[in-house]
Amino acid sequence: MRPTLLSRTRRWLGASALALLVGIGGVSTAFVLTGQAANAQVRNAAQIVVPQVNQQQGFADLVDAVKPAVVSILVEAEEPARTVQRGGEFEFNFPDLPEGHPFRDFFDQFGGPGGPRGQGGEDARPRQFMAAGSGFIISEDGYVVTNNHVVSDATKVTVIFEDGSEQVATVVGTDERTDLAVLKIEGKDLPFVSFEETPSRVGDWVVAVGNPFGLGGTVTVGVISGAGRNIGGSSYGDFLQIDAAVNTGNSGGPAFNTNGEVVGVNTAIYSPNGGNVGIAFAIPAHTVKQIVDQLIDTGSVTRGYLGVSIQDVTKDIADSVGLANARGAIVREPASDGPAGDAGVKSGDIITAVDGEQIDDALDLSRTVAGKAPGSTVELTIWRDGAETKLSVTLTELTAEAAPAPDAPVPPADIPESTSSLGMTLVPNGDGSGGLLVQEVDADSAAAQRGLAVGDVLLEVDNKPITSIADFESAISGVESKGLDTALVKVARNGEARFIGLPLGEEG
């Protein structure tokens, strides 16, 4: 929720601190018109019903129907005390001002060394502030969906309705991974909206309603520009890209289809200048519904845990193992106490499907497994030793982040045995952990182009551990004897292993 200073050229923005919240006009009602005015029928029900939309005539009927269920979120919070001067350097503490803004010099002058703030490097007092976001009601008894970053660490959350009335809300639960939160307000027969059942497609209309810059009840229209987007700063990575204008304060608000169903929850924008440039991201409805149901039921979210570190399969890696297409996720290492390792998953296995559903990349595997319930059994389709095999794994619950990587191996001072091959000079690893240490890399070689560098440790070639020069040369010969022109090489750097596909026959 708290804003951070980002670079000139790239910003991921959600709700931001606002000093003023502008009042919202309009009337909230549970009575909804289901047809044109001449044939209007009053429906005494909480769930909103949207008349058929004719895009040539605009979206006014849709907006009139859904607006009572869209709310503004006002958050009161406290930013922890910060040291505003460290080592004689002023730490800029006004992230809403872009770099190069004329007021920046003012704050540098009066907040820096010699100014009234930060003298001597003392801690500033905790800063009380207010932030504004958006949300929407999903049930007649008052459950409200918004973004986690809108309400995280809030001391007070107030929901403001279309007619300007307010109600203090309770935070039911939050999920940092998907950036979703559920609030609860009191009431009955409240106007509410529902999630779409059939996923919208790229090119379909979307109507965003929210509270940008405190201007509640703002409506913007666009289309879905893309799906399955992975944006920086997210550990989930399944977003709709929309071009309806989304700005600071729209976070947590809904994007509707032309039937008045929620397509997604607006959560981030990409912008080089802090404002809308036509690229916004929304959490898709199928994800929101799954997470929200868990938050309402238990106040938290549980996810399946496979217990593997993985990476994408590149074309080089696919070529090195005889896989026709570069898809799936290759297992770097199974966790020592994880369910995958217990079921027989090995380092170098490529997971191409889960329960018969194709896996495109590492992120796709992470999302798929996270969507499974702990305790459920899944069938993994694995590419191993040039053939497809299947393994059943019973998932456990994801409870914590992966353990930190071990310390990086220490290069030996002088090892006499060495070989120059594939554009690299390799020597045995002197720290006793095995593998061959990369002592030199030809800048023009395929090894350099694939990112290999001095200090890397080659652990395996063709899924065979190597501890000596002879092991390496034998493994390379084995790859060539299979008729492959690329070797699958497992490399460690700073204690973290990864796979690369290394073309053979290139000395630089």
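Is K315 buried or exposed? K315 is exposed, its relative accessible area being 57%. In this report, buried denotes under 20% relative accessible area, exposed over 50%, and partly exposed the range in between, with a 1.4 Å probe and protein chains only.

## Basis of the report

The structure is a predicted model, in which local features need pLDDT of at least 70 and side-chain atom pairs count only at pLDDT 80 or more, whereas totals for chains, interfaces and linings use all residues. Residues are numbered from 1 along each chain as its sequence is written, and side-chain values use heavy atoms, with hydrogens and water left out.

Helices (H or I, at least four residues) and strands (E, at least two) are DSSP runs, numbered from the N terminus.

## Salt bridges

A salt bridge is defined here as a side-chain nitrogen of Lys or Arg within 4 Å of a carboxyl oxygen of Asp or Glu. Under this rule, the count is twelve salt bridges. One of them joins D319 to K315, with an N to O distance of 3.0 Å. Both D319 and K315 belong to helix α5 (residues 315-321), where they are four residues apart, about one turn of the helix. An α-helix has 3.6 residues a turn, so residues three or four places apart point the same way. D319 is partly exposed, at 27% relative accessibility.

E333 and K490 form another salt bridge, in which the closest N and O atoms are 2.0 Å apart. Because E333 is in strand β21 (residues 329-334) and K490 in strand β32 (residues 486-493), this pair ties together parts 157 residues apart in sequence. E333 is partly exposed at 36% relative accessibility, while K490 is buried at 2%. A salt bridge also links the side chains of R384 and D349, at 2.7 Å from N to O. This pair connects distant parts of the chain, 35 residues apart: R384 is in strand β24 (residues 377-384), and D349 is in the loop between α6 (339-343) and β22 (350-354). R384 is partly exposed, with a relative accessible area of 22%, whereas D349 is buried, with 2%. Salt bridges with shared partners join E333, E460 and K490 into one network.

## Helix α7

Helix α7 (residues 362-370) is largely enclosed by the rest of the structure, because seven of its nine residues are buried. These buried residues are A362, D364, L365, R367, T368, V369 and A370. They pack against β19 (304-305), β20 (308-312), β21, β22 and β23 (357-358), contact being defined as heavy atoms within 4.5 Å.

At the start of α7, a side-chain oxygen of D361 comes to within 3.3 Å of the backbone nitrogen of L363.

## T381 in strand β24

T381 lies in strand β24 and is buried, its relative accessible area being 5%. The side chains of T381 and K390 are joined by a polar contact of 3.2 Å. A polar contact is a pair of N or O atoms within 3.5 Å; within protein, one must be able to donate a hydrogen and the other to accept it, and residues adjacent in sequence count only if both atoms are side-chain atoms.

With neighbours within four places in sequence set aside, T381 is in contact with I350, I351, T352, A353, E388, T389 and K390.

## Strand β18 and its partners

Strand β18 (residues 280-284) is mostly covered, five of its five residues being buried. Two strands pair if DSSP finds at least two bridges between them. Strand β15 (residues 239-242) pairs with β18 in the antiparallel sense over three bridges, and A280 of β18 is the bridge partner of I242.

Strand β17 (residues 262-270) also runs antiparallel to β18, to which five bridges join it. In this case, I269 stands opposite A280.

## Aromatic rings

Rings of Phe, Tyr and Trp (its six-membered ring) pair if their centres lie within 6.5 Å; planes under 30 degrees apart count as stacked, over 60 as edge-to-face and the rest as tilted. A search of the whole structure finds two aromatic pairs. The rings of F136 and F195 form an edge-to-face pair, because their planes are at 75°, with centres 6.1 Å apart. This pair links distant parts of the chain, 59 residues apart: F136 is in strand β8 (residues 127-137), and F195 is in the loop between β12 (180-184) and β13 (205-210). Both F136 and F195 are buried.

K184 lies over the face of Y143, at 5.4 Å from the ring centre. A charge sits over a ring if NZ of Lys or CZ of Arg is within 6 Å of the ring centre and within 35 degrees of the ring normal.
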